[in-house]
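Subject: Structure for your files

Hello,

Here is the structure I said I would pass on. My notes on what was found in it follow directly below.

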Amino acid sequence: MTFRRLFLLYVAVVALLFLPDRAHGQTSQSALAGVVRDSTGAVLPGVTVEAASPALIERVRSVVTDSAGVYRIVDLRPGIYTVTFALPGFNTVRVENLELRADFTATVNADMTVGELAETISVSGEAPLVDVQSTTRSAVFDQEALASLPNNRLIQSLAQTIPAVVGGLNIDGPQSRSLSVHGSRISETNSAIDGMSDRRGSAGGQAVTFYMNEGGVQEVSVRTDGGDAEAQYSGVWMNAIPKEGGNTFNWNVMAFYANEDLSNSNLSQEYINQGLTAVNRLKHTWDVNPSGGGPLMEDKLWFYVAYRNNEINKYVADHFYNSDPLAWVYVPDKTRQGSDTQVHRNYAWRLTWQATPRNKFNFSYEKDRRITPRRRAAANVSPEATTYTPFYPNAIWTAVWRVPVSNRLLLDTGFMSYEQDWDERRQIDPAVGFDVISVTEDSTGQIYRASTVYGHNFDNPITVRSSATYVTGTHNYKAGFMMRVRGNGPTYNNTDVNGSMNFNFLNGVPRRVTLFATPIEQRNDIKADLGIFAQDSWATGRMTINYGIRFDYLNAAVPEQHLAAGPFVPERNFAAVKNVPNWKDINPRLGLSYNLFGDGRTVVKATVGRYISGGSLASNVNPVNTSVNQATRAWTDTNRNYYPDCTWSNPAANNECGPLSNLNFGKVNPNATRFDKEVLEGWGVRPYNWSVSAGVQRQIANRASVDVSYFRRWYGNFSVVDNQLVGPEDYDPFCITAPRNDSRLPVAGQQICGFYDLKPAKVGQSQNLVRLAKHYGKQTEIYNGVDASVNWRGRGLTLFAGLSTGRITTSQCFVVDAPVVYLTPTAVVSPATPTGTNAQSPTANCEVVPPFLALYKGYGVYQLPWWGLSVSGTYQAVPQPASQGALTSMTADYVATNAEIRPSLGRDLSAGPNATMTLELLKPFSVLGGHTKQLDMRVAKVLRSSGDARVQLSLDIYNVLNSNDWQTITTRFSSNPAANRWQRPTLILQARYFQIGTQIDF
């Protein structure tokens, strides 16, 4: 879609918002609402209610109570407010010093008595803890929490402290936003700046590369449930409220530093006995973050700027340099532990312009120049096999226009351009040549000599949103739309592989070669990612009903593509493809909030809603990908020259190579995998989920509240791959005897059956059809869980603590066309596909019911009443293992040789006598871990405080107890005792370290 067409569509939709007699509007970040009565208890219509705050560039917002005495002021920035109630013939009531938090509707009622106009009654505005009108569940991190909590000052680290959020622990440096909540997918995670999502096109939240400058953030709201009709997805929603400046100049400098000398070691004898000789620990880190702003024109034009220079370099457990980076056998140099570095140079500015008394504009630009010198660094990846990866350009432009047409009608329009470019290049330290072939040692999973893949990626999503709000007091109507398209042509993704092949060895002996159809380049275009919504928040008596409906539309396409010839493939040309997909969905939302006793201290909430799931099939349907871009061949290196001497053009076994695993490899055959039209086009065929919740929140003291809630989520519209050239009868069953060399393996020495190998006559035959799973049987994925938390705010203490327990049950007990079980239903982004090296009975592990797993988390900030001291901390206890936003099962994948399989199978493996097969020895959740427990603390002291000037020093202590709990472990099991790393930790908590810091305000 051209910019001209996009602009015309935008103008048309905005115009439509004005056509109804009653315009519909937007639910703001924060709001004030309540009822005004006289001394007899009768409601008072016509009362002027004003909300004044330095947080508002226009200073004051006002409304008038309706016939029921109800008022509501929406779209307010977080801050300290004075709320004034005035009516001729009545005393004026003023509520002072009311703290309004982000994403919160504060109930402020007033009782007015007959009296002189000049008389004003002032009362204290203690911030309410219970939101009796909204059905959303959010955790708000205000400026005190942002400045006080020990973390790496990234908003996803704040989200990780919420009990229900599953994700990495927060001292590991910048990580991808692989977060989930209540069984959501990580592709449904979103972060936003002032409500503008920085989502990468229609891709998942975990694919976002931008990390915003916390120096320019006022508050962060993390929503975990109860999305209204405006919400596109139901995963973790992190919204950063930016600083805007003010009528006085304010500057701030935050700086932190730590190095190896301030770090301890948590290497235990137990880990040494497992062969682990080096653990995760700090090498160095610094963070310098000056920011500030003020008026360019008082009450007219404000600015705010921030710069951040941040670097964190950490040693990675069991990650060592290769003694000889070009050797064919990996020999770790135990004197040189490798590290993972993240470098950020962030520049941000923001302008707030009150063009007229009603028209307000916000403009912002933020550039995050990021470099990851050793991306993919891990225990099983040698440093030369990492990639040098710059993320540049990596920048976001936003423009937001807000106009209160009247005290009831508010318009809000926003624009965002997000430019992303990340380039995974060959390592420069040590330098890796283009001709160095990557090797994976199957017995350990170790990757060395070179990365398995390299690639260059570019994306430029542009988002436009607009909405209108009409507020009557009793009702808060809202309607609007969000439109996302590609801004600078289709997204670009390139895959590059040294030598167009990877090698796999077993115990140092060549076993398999994987061939790639390089050059592999693809372009995908999002024509329209559109959402149109309408909703209302209706306050009636003690109940508030939030109801709405949303239309979601996704249309993607693939342009014409040309690929040059490569070592194994001819020149290829692919025609354009439309409607990949073309999805339309109607998603209803309903939420109820009931003020149980009418005192605003106890509220019962319930929600139900249908949501689309994250992801797009455009990349999967792209003809470049539906062609076969890689295939494997068993390899016997008889002449020991470490190169497969084969006739590549002959797909049958020849010389040193076994038969080609897929006969479509290298051919111009975009139909090697086809998608049923039902999967790609139509109403209600997009992957979706229903989310249901119910709970009660109770204010148990003036400053404390508790919340207990139940959550349920289930997914639908799964898809599977049907290879139409093979069937169940084309597989032969076999068993293996589990290795006996490790007593920790529960099935050691036992015979394990239910594995299958494709008959030799069918090797390489593939014609895949992707269809909805419902045509083959019933597939389910259901989350059930309970959260409980306590919140305390007051007397210098902010405390939040709680637990979340739940589980995801999955079921897929049907046969498609082969004895393959799809252990991870990933139909959201791509259909679940069979793995030829791990064919198992479809009924062996088709239904997985894990135990209920609990997370325990909390954070607190306490301002001590003496000596200018404060103390803060965070605590997390997360089940093991946890990875990529999910609590996962402990596994034992074993590479079995043909010699081990042949006695049961009665023949050689179809891939050849030197072939191997990777088999899973354990049933899901048959082995459980404990919890990874982490306590971080900060102690701070104000050295000087005079007026607006303040100097504070701080000492952070990360991993206070010096725990060495692991988060991930090696899953590869080896029958070779010398190579066996099974259950050896690959990521453990960084050893305790101390970080010094300062904050200067002036």
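Strands β10 and β15 (residues 217-225) run antiparallel to each other and are joined by five bridges. Within that pairing, F141 sits opposite V220 of β15. The two strands belong to an open sheet of five, in the order β10-β15-β16-β13-β14, with mixed pairing. The edges of this sheet are β10 (137-141) and β14 (196-197); each has a single partner strand, so one side of each is left without a neighbour in the sheet.

Please keep in mind that this is a predicted model. The mean pLDDT of the protein is 86, and 92% of its residues reach 70 or more. Two stretches stay under 50: residues 1-28 and residues 820-837. For residues 1-28 the model has 59 contacts beyond four places in sequence, and 59 such contacts are also listed for residues 820-837.

Salt bridges

The count of salt bridges comes to 43. Among them is the pair R77 and E244, whose side chains meet at 3.4 Å, N to O. R77 is in the loop between β4 (70-73) and β5 (79-86), and E244 is in the loop between β16 (237-242) and β17 (250-259), so this pair ties together parts that are 167 residues apart in sequence. R77 and E244 are both buried. Both also belong to a network of salt bridges that links D75, R77, D194, E244, R350, K360, R402, D412 and R465.

D142 forms a salt bridge with R793, with the closest N and O atoms 3.5 Å apart. Because D142 is in the loop between β10 and α2 (143-148) and R793 is in strand β47 (residues 779-794), the pair ties together parts that are 651 residues apart in sequence. D142 has a relative accessible area of 10% and is therefore buried. R793 also counts as buried, at 15% relative accessibility.

D429 lies in the loop between β23 (409-426) and β24 (438-441) and R374 in strand β21 (residues 360-375), so that the pair links distant parts of the chain, 55 residues apart. How accessible is D429? At 41% relative accessibility, D429 counts as partly exposed, whereas R374 is buried, with a relative accessible area of 11%.

Two further strands

Strand β46 (residues 768-772) has four of its five residues buried, so it is largely enclosed by the rest of the structure. Which strands pair with β46? Strand β39 (residues 673-675) pairs with β46 in the parallel sense over three bridges, and strand β43 (residues 719-723) runs antiparallel to β46 and is joined to it by five bridges. V770 of β46 is the bridge partner of F675, and V721 stands opposite V770 as well.

Strand β3 (residues 60-64) presents a covered face, made of R61 and V63, and an uncovered face, made of V60, S62 and V64. In a regular strand the side chains alternate between the two faces of the sheet. Strand β2 (residues 48-52) and β3 pair in the antiparallel sense over five bridges, with T48 opposite V64.

Surface patch

F249, W251, V305, W349, W353, F363, W397, I1000 and F1002 make a nonpolar surface patch of about 820 Å². One of these residues, W397, lies in strand β22 (residues 387-404). W397 has a relative accessible area of 44% and is therefore partly exposed.

Surroundings of I545

I545 is in strand β33 (residues 543-557). At 17% relative accessibility, I545 counts as buried. Apart from its neighbours within four places in sequence, I545 is in contact with D536, S537, W538, T540, L590, G591 and L592. I545 and H475 are 70 residues apart in sequence, and their C-alpha atoms are 9.6 Å apart in space.

Regards

Methods: Residues numbered from 1 in each chain as written. Predicted model: local features only at pLDDT ≥ 70, side-chain atom pairs only at ≥ 80, totals over all residues. Heavy atoms only, no water. pLDDT = per-residue confidence, 0-100. Contact = heavy atoms within 4.5 Å. Patch = residues over 30% accessible without salt bridge, like charges linked within 9 Å, V, L, I, M, F, W, Y side chains within 5 Å. Areas by Shrake-Rupley, 256 points an atom, 1.4 Å probe, with all protein chains shown as cover. Salt bridge = Lys/Arg side-chain N within 4 Å of Asp/Glu carboxyl O. Buried < 20%, exposed > 50% of the residue type's maximum accessible area, 1.4 Å probe, protein only. Pairing = 2+ DSSP bridges.
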